[in-house]
Amino acid sequence: MNVRRKLSIAIGFVALLTTGCQNTKEEGKNEENLIETNSIAHIKEKYNTDIPTKILTPDVVDTRIGSLKFFDGLPSQATVEKVYDNLDFMRGVETFLNGVPATSIEGLRLGMNEVGATASNQVVIFDELLDSTPLFLTGNTSTVYASTFFNLQESGPIVVEVPTGCGPGTVNDAYFRFVVDMGGPGPDRGQGGKYLILPPDYNGETPDGYFVAQSTSYVNWLILRGFLVDGKPDMSSKMYREGLKIYPLKDKDTPPAMEFINVSTKDFNTIHANNYDFYHELNEVIQREPVSFLDPELRGLFSSIGIEKGKTFSPDKRMQEILEDAVEVGNATARAISFRTREKEATIFKTGHWESGFLGGSYEWLKNEGKGGRYLDARTRFFYVATVNTPAMVLKMVGLGSQYALGVLDSEGEYLDGSQNYTLNIPANVPAKDFWSVVMYDPQTRSMLQTDQALPSVSSKRTPLIKNDDGSVTLYFGPTNHTPQGKEANWLQSINGKGFFVLFRLYGPLQPWFDKTWQPGDFERVD
């Protein structure tokens with residue numbers, strides 16, 4: 001017997017004597033350590049040199065998924081089955097978290113189809129604003145939405161003519177990536193113009209006279225926003241109906257007639273599934289889009305659970321049961337990331353509980369300017385509760401674009417509870433060139449909270465708010481109106497037994513917002 005082996009046995013013997021001297025409370029823990037030590041020592045006896053302990057695997061390893069058993073590092077059949085089930089589960093969860101941008105766009109497309117918008121010249125428009133009837137992720141009640149989808153594989157290059165005076169507009173691809181801005185923050189700067197959107201595989205000539213952008217996907221979402229004039233949507237609705245044109249480039253001489261579908265107060269759903277159907281929605285996107293649409297890493301993740309272009313997604317019973325469990329955990333994880341973030345940089349101000357929707361300050365979801373890679377949780381957080389991805393919503397664009405603050409917690413750090421009464425102070429001189437608003441949302445649907453108020457919001461453009469003597473505005477939230485006499489317009493209704501959260505919006509944000517010399521108050525509970 002060589003010296004190392006004698007030393008190993010001696011160490012094991014000393015460990016045994018030491019264990020016997022410990023108190024009863026430590027016996028279980030030390031016994032576990034002794035089993036592992038003896039196991040490793042036993043393994044080491046089979047080598048001629050001193051093998052580092054850190055590279056060896058004991059015969060039994062206790063983990064959060066149970067005991068894993070090995071013969072000389074070779075996993076038992078039961079262990080093999082257990083870890084593969086776990087691997088499939090983990091990848092199912094990760095597919096949910098990383099697939100949300102694609103399924104969210106798909107949910108929007110399906111919702112548009114539901115109300116009759118199936119071609120690019122068929123535009124969904126909210127002539128009387130978006131209210132709480134449809135399910136629409138964190139939409140706003142202070143701009144006139146005009147929206148459509150186009151499939152560049154079917155149409156080829158698409159032309160979008162935006163009218164003069166158009167507010168913020170954006171085209172996003174089928175993974176919610178930024179393609180181009182239009183209107184106010186776009187290259188036309190609100191003066192109107194012709195945009196040409198090219199397919200991902202387009203290699204032809206590009207004609208002059210267009211703002212040109214090439215998408216990475218076939219399906220693209222166009223969303224335009226028009227401002228209220230004198231608190232009314234009429235002017236913006238007229239602007240889109242008379243000035244917005246969308247047609248394939250090949251049909252520029254004989255463009256199809258535009259169709260506008262007014263969906264204000266209509267009941268329809270644009271939100272992706274949070275159950276097993278989620279994977280089928282994602283599969284639809286993967287089958288439709290080109291392989292180049294996603295990088296190999298994401299494609300590999302999705303294909304690891306059976307979602308691969310050109311193949312049928314048909315998991316067996318074992319895999320389906322695992323994915324049904326995975327989507328439940330994925331959904332819970334997305335909700336934790338969204339509503340109880342652990343990221344310190346989410347807090348916008350040094351005090352209070354207002355949070356940023358764009359963690360990391362990047363519309364490409366890059367962390368620390370890319371040094372931290374892709375900010376995965378930030379991307380999940382945004383697309384689980386919101387839509388539209390554009391630099392104009394995150395970059396410092398004084399007087400242009402928009403900025404957002406998420407309010408989920410009250411001044412004590414507790415979730416906002418619809419059974420309670422709250423006040424929220426908006427200080428004077430809100431730094432917004434165009435307007436500011438506060439909109440209430442349902443944490444279940446992430447859509448507007450459905451109450452007796454069709455528009456669960458206040459807006460500096462639309463609401464006759466009553467100011468305090470110092471120019472500030474106190475907003476009141478609760479299941480019943482508890483405002484002082486004469487300030488009824490400042491009250492927003494909540495629902496007993498339901499939570500809520502809000503978005504504070506600034507369109508045309510000004511310098512005091514960016515340098516943080518102005519900030520809204522916290523939600524204060526009123527007993």
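The model is predicted, with local features requiring pLDDT of at least 70, side-chain atom pairs counting only at pLDDT 80 or more, and totals for chains, interfaces and linings using all residues. Residues are numbered from 1 along each chain as its sequence is written, and side-chain values use heavy atoms, with hydrogens and water left out.

**Strand β6**

I took helices (H or I, at least four residues) and strands (E, at least two) as DSSP runs, numbered from the N terminus. Strands β6 and β9 (residues 193–198) are paired antiparallel over 5 bridges; pairing requires that DSSP finds at least two bridges between two strands. I then noted β12 (residues 245–248), which runs antiparallel to β6 and is joined to it by 4 bridges. There, V160 stands opposite I246. Strand β6 (residues 158–162) has 4 of its 5 residues buried, so it is largely enclosed by the rest of the structure. I used buried for under 20% relative accessible area, exposed for over 50% and partly exposed for in between (1.4 Å probe, protein chains only).

**Helix α5**

In α5 (residues 234–243), I listed S236, S237, M239 and Y240 as buried. Viewed down the axis of α5, these buried residues fall within an arc of 160°, so they line one face of the helix; the arc is that of the directions from the helix axis to the C-beta atoms. D234, M235 and E242 are exposed on the other side of α5. I found the buried residues of α5 packed against β4 (122–125), β5 (143–151), β11 and β13 (259–262), where contact means heavy atoms within 4.5 Å.

**Pockets**

I searched on a 1 Å grid over the protein atoms alone, where a pocket is an open set of points where a 1.4 Å probe fits, with protein on both sides within 12 Å along at least five of seven lines; lining residues have an atom within 4 Å of a point. The largest pocket holds about 580 Å³, a volume being the space filled by probe spheres set on the points, which are joined across faces, edges and corners. Of its 34 lining residues, S356, G357, F358, M393 and Y404 are the closest to its centre. Elements giving two or more residues to this lining include β11 (219–227) and α9 (376–385).

The second largest pocket has a volume of about 440 Å³. Of its 20 lining residues, I recorded Y175, R177, D295, R374 and R379 as the closest to the centre. Helices α3 (77–114), α7 (296–303) and α9 each give two or more residues to this lining.
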